[in-house]
Amino acid sequence: MTKTQKQVFFALISIGALYFILFIFPNATGAKDRMMISLFEPDEFAQYPIAIKMIRPEATLKAHLINFIVYGHYYYGWPFYALSALTLLPIVFTQGYDHVQLNLLALRQMVGVLPMLAALLLLVYTQTKFKSHLKSLGLFIFLLSVSAVVENNLWWHVDSLAFLFVVLTLYFLDRDNLHFGRDFYFAAAATGLAVGTKVIGLFFCLAIPTYLLMGMASKRLTVWKAAQLGATFTLLMAATIVIVNPFMLLKSQFNDMLEILARQSHFQTKGWVLYYASGPAAWAPILKKLYGQIPFILLALVSLGLGIWKRESRLRHILIALWSIPFGLYVLFAVAIKPTHFFLPILLPIYSSLIVLFDFAPFKKTYKSPLLWLWGGAVVAILIYQFGVYLQQDFNLYHETLTREEHEGSLAFYAVLEKEYLPKIKTDRELVAFRDVRMYLPDDSRWVVKSYWNSKYSAIESIRPDLIIIWSQRILDYTQAGAQENAVDPATFQDTYQFFVDANHDQLRGYRLVYRDAEGLFFVSDPLYAEFFAP
């Protein structure tokens, strides 16, 4: 590395360290106990027991290894859960299993924030090679400010890690520069990591064949050699997928994974319970809020085109385009649910192309043309405006997360129950409590908590709970006009619909409504009501 590159690298590392520290404060909230996790991040609530289970001691080393490898929650690959479990291991070893908030802080920082920082640092290097202080620092800070990045740094999820593997693929292909040496094979392994962590690496399906075609066009490859390299890339990618997901060697687990991914794909393209709208118009509010205004996104696409037009950066930007376009079209037109992080690996590489704008007039040389200066002024104005919009939204996201426990309605709801209603139930019997995952009810010696994402009579009848806590929003969602006609599975939805209609009118079979506010409803079984609440 040159002196300038070293200076840039250490400057970016310093900024990244400060950025990492900044997220400790909001990420140390929202998980004072296991049940509180689901109020703010239901996905974290689903994932947390898996990571804990992977490091619980077993009777034999073989049993422990099986427990660590065969984790069951195959919505995401083993690299994500293995890294998460290993992140928790030092805490569990020194502090035990009961420090939920500390555990979630570590997971959010080490599996969320840190891989994102590494990915953006590598993306900046891919674009600038750290040869310019201003370009490298400016691009890094701008990418860190993207509101979707800030939001993604405030939870523990697979996406930062998957994005890192995507960037690694782009980095190695750019570094290989059609030489088809070891970096080409490193790119194959990185693609395998992206597939094996969150499937999205499959969207390199256009970029890799095009890379080989460019090798043929430049006379560096024959047709036969390109076919050999393509086969080798595919085999190395497939081998990496299996190596980083060793449970796939077990037929039963491999079949379970296929079933889970097929079910997940079905729900993503339809909706969880009700059909969701798809298409660009449905995504527009999320894109505008977290990714950028339309003029800014258009400017980024123009910069991508300029990067392709410019010989020195053509290969890099062709790869970015052929990665982002198929994946972006799939998300825009096929995905019905609206996870806000889906566009991170699509748009961030495109946004990194913004640096190319400064290699053209009027930034590169002095020109007297008024039109060029007008263009330059428009570019600067759009970037400054978008940066300001990001910062305002970032502050809101940060502050809302930092203070979320103070304003969470279900915590206030539970406080009322604990003060006025739960003490009335005086029994030596351990109760069974059924709660929506968005309503707070902590683990307690008085009851066993059963948490559900979707309430319905069949679930109630299977566990026969003594207490039921329902989220009011769920009633609004599932009893709104047209809900029955809009159900993904009308036959099973009828049970859900009737359950919420009855709950809304205090006609829940076998239960009586004891307390209700804007946040939720609290029911007790008929026998408990007759014994402790009847007038």
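Modeller: In what follows, Lys and Arg count as positive and Asp and Glu as negative. The model discussed here is predicted.

Biologist: How far apart are the mean positions of the positive and negative charges of the protein chain?

Modeller: The protein chain carries 45 positive and 39 negative charges.

Biologist: How many helices and how many strands does the protein chain have, and how does its radius of gyration stand against the globule rule?

Modeller: The protein chain has 25 helices and five strands. For 535 residues the globule rule gives 24 Å, and the protein chain is close to that, so it is as compact as a globular protein of that length. Its radius of gyration is 26 Å.

Biologist: What share of the contacts between residues at least 6 apart in sequence joins residues at least 24 apart?

Modeller: A contact here means heavy atoms within 4.5 Å. Of the contacts in the protein chain between residues at least 6 apart, those joining residues at least 24 apart make up 74%.

Biologist: What percentage of the residues in the protein chain is buried?

Modeller: Buried means under 20% relative accessible area. Among the 535 residues of the protein chain, the buried share is 53%.

Biologist: What kind of aromatic pair do W283 and F343 form?

Modeller: The whole structure holds 46 aromatic pairs, and W283 with F343 is one of them. Their ring centres are 5.2 Å apart, with 80° between the planes. Planes over 60 degrees apart count as edge-to-face, and the W283–F343 pair is edge-to-face.

Biologist: Which parts of the protein chain does the pair of W283 and F343 tie together, and how many residues apart are they in sequence?

Modeller: W283 is buried at 0% relative accessible area, and F343 is buried at 5%. W283 belongs to helix α15, whereas F343 sits in the loop between α17 and α18, so the pair ties together parts whose separation in sequence is 60 residues.

Biologist: How are the ring planes of F413 and Y515 set, and which elements hold the two residues?

Modeller: The ring centres of F413 and Y515 are 5.3 Å apart and the planes stand at 40°, so the pair is tilted. F413 is buried, with 0% relative accessible area, and Y515 also counts as buried, at 16%. The pair ties together parts 102 residues apart in sequence, because F413 lies in helix α21 and Y515 in strand β4.

Biologist: Which residues form one aromatic cluster with F9?

Modeller: The cluster consists of Phe and Tyr rings. Together with F9, its members are F10, Y125, F130, Y171, F172 and F186.

Technical notes. Residues are numbered from 1 along each chain as its sequence is written. This is a predicted model: local features need pLDDT of at least 70, side-chain atom pairs count only at pLDDT 80 or more; totals for chains, interfaces and linings use all residues. Side-chain values use heavy atoms; hydrogens and water are left out. Helices (H or I, at least four residues) and strands (E, at least two) are DSSP runs, numbered from the N terminus. The radius of gyration is taken over C-alpha atoms; the globule rule is 2.2 Å times the number of residues to the power 0.38. Buried means under 20% relative accessible area, exposed over 50%, partly exposed in between (1.4 Å probe, protein chains only). The place of a charge is taken as NZ of Lys, CZ of Arg, CG of Asp or CD of Glu. Rings of Phe, Tyr and Trp (its six-membered ring) pair if their centres lie within 6.5 Å; planes under 30 degrees apart count as stacked, over 60 as edge-to-face and the rest as tilted.
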